Amino acid sequence: MSLVHHRRWLSRLQNLHSQKKQILFFCTTNHNKKHTQALPPPIRVALTESAGRGVFATRRIGAGDLIHTAKPILTHPSLSVLDTVCYFCLRKIASSSSCFQDHTAVFCSEECKEKSKAFYDVERRADWSTFDEYCRSQGLKYPLLVKRLACMIISGAASADSIEILQPASLSPEMIIEMEEAFTLLRSSFKNAHILDEQMTFLNKQWYINVLARIRINAFRIELAGGSYKDLLALAAASVEAEAAVGNAIYMLPSFYNHDCDPNAHVVWIDSADARLKALCDVEEGEELRICYIDTSMARDARQTLLAQGFGFQCSCLRCSSGE
């Protein structure tokens, strides 16, 4: 069952362009012209009536159209596939002869190996076996993204407030307590690697909790289609088992898309963590673009439970409200 199976429940929103307070405008660039020319922006980020920020179409977008692409600002491969995907872009590596190795990490190209220096020169100085084993045994994936961000900050490639703009999850006292052990292991790994205290002034418990709260509801689980659109549709209806993913990633613009169980857009990954946002149906100018955070083929109660536990909200989209 694919994402396009469900009929559209969402009625067209009229005149949103003039009614909503605009936050950001985005435009595409035509690189085929001799002189670079800015094209009309297809989307804008603005405030919604009930879901905070959202992404709206600034012109009509046809079904199947590419809305925009997005490169991740943060990635980390799943621990179960470290030997078979690029440590930077999460591209699958066919064989050992086609990869570029550096210490214990493998890369798909010299370019990815070079770009990884933003975090890997710091990361390779520490022993992460205890931290990684804790994450593996507890089924945790988001602390791995925090680790990579911390390495980027220490190396000077990122600032401590890099993802502050993203919406944080609501964390219960119990959830915060559960985060403490991973934080202790993370900081200890850096300390044991003789990272200077002045390089870790940001790395306190409050910073860790704030970052993890944002990663928790903004991280995308990366499943690669392998190049075939038929494979792509099959992946859209795949289960949400962690083992099916090659890793997780954080994006800036895609994180502003709100959820709907009957979405009009979706995110696809062909062969790496570079994301493509595509329209699932015709979208009118001013209409909000929404994606589904989970598998749309799930029953209503299962969707509600997963969204509440994983993302901290109760879905009230038209599909859920109708009981479907």
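At what angle do helix H4 and helix H5 pack, and how far apart are their axes?

## About the model

This is a predicted model, in which local features need pLDDT of at least 70, side-chain atom pairs count only at pLDDT 80 or more, and totals for chains, interfaces and linings use all residues. Residues are numbered from 1 along each chain as its sequence is written, and side-chain values use heavy atoms, with hydrogens and water left out.

A word on labels: helices (H or I, at least four residues) and strands (E, at least two) are DSSP runs, numbered from the N terminus.

## Helix H4 and its two neighbours

Two packed helices are described by the angle between their axes and the distance between the axes. Helix H4 (residues 129-138) packs with helix H5 (residues 142-155) at an angle of about 150°, and their axes are 9 Å apart. Axes here are lines fitted to C-alpha atoms, for helices over the stretch in contact, and angles run from 0 to 180 degrees between N-to-C directions. H4 and H5 are therefore roughly antiparallel to each other. As for the cut-offs, angles under 35 degrees count as roughly parallel, over 145 as roughly antiparallel, 65 to 115 as roughly perpendicular and the rest as oblique. On the H4 side, the contact (heavy atoms within 4.5 Å) is made by Phe-131, Asp-132 and Cys-135, and on the H5 side by Pro-143, Leu-144 and Lys-147. Sorted by type, these residues of the contact of H4 with H5 are four nonpolar, no polar and two charged. In this sorting, Ala, Val, Leu, Ile, Met, Phe, Trp, Tyr, Cys and Pro count as nonpolar, Asp, Glu, Lys and Arg as charged, and the others, Gly among them, as polar.

H4 also meets helix H6 (residues 173-192): the two axes come within 9 Å and cross at roughly 160°. That makes H4 roughly antiparallel to H6. The crossing of H4 with H6 is left-handed, a term used if the near helix is turned anticlockwise from the far one by less than a right angle (right-handed if clockwise). H4 brings Thr-130, Phe-131 and Tyr-134 to this contact, while H6 brings Glu-178, Glu-181, Ala-182, Leu-185, Leu-186 and Ser-189. The residues of the contact of H4 with H6 divide into five nonpolar, two polar and two charged.

## A sheet with helices packed on it

Strands of a sheet pair through backbone hydrogen bonds, either parallel or antiparallel. Here, three strands in the order E7-E11-E10 form an open sheet with antiparallel pairing; two strands pair if DSSP finds at least two bridges between them. Strand E7 (74-77) and strand E10 (219-222) stand at the edges, each with a single partner strand, so one side of each has no neighbour in the sheet. From one strand to the next, the twist averages 20°.

E10 pairs with strand E11 (residues 247-250) in the antiparallel sense over four bridges. Arg-221 has Asn-248 in E11 as its bridge partner.

A hairpin joins E13 to E14 through six residues.

Strand E13 (residues 265-268) and strand E14 (residues 275-279) run antiparallel and are joined by four bridges. His-266 stands opposite Lys-278, and Val-268 stands opposite Arg-276. Which residues of E13 point one way, and which the other? Ala-265 and Val-267 point one way, His-266 and Val-268 the other, and all are buried (under 20% relative accessible area; exposed is over 50%, partly exposed in between, with a 1.4 Å probe and protein chains only).

Asn-264 lies in the loop between strand E12 (258-259) and E13, and is buried, with a relative accessible area of 1%.

Leu-90 sits in the loop between E7 and strand E8 (100-102). Leu-90 has a positive phi, near 70°, in a residue other than glycine, and is buried at 0% relative accessibility. His-194, in the loop between H6 and H7, has a positive phi of about 65° although it is not a glycine. Is His-194 buried or exposed? His-194 is exposed, with a relative accessible area of 65%.
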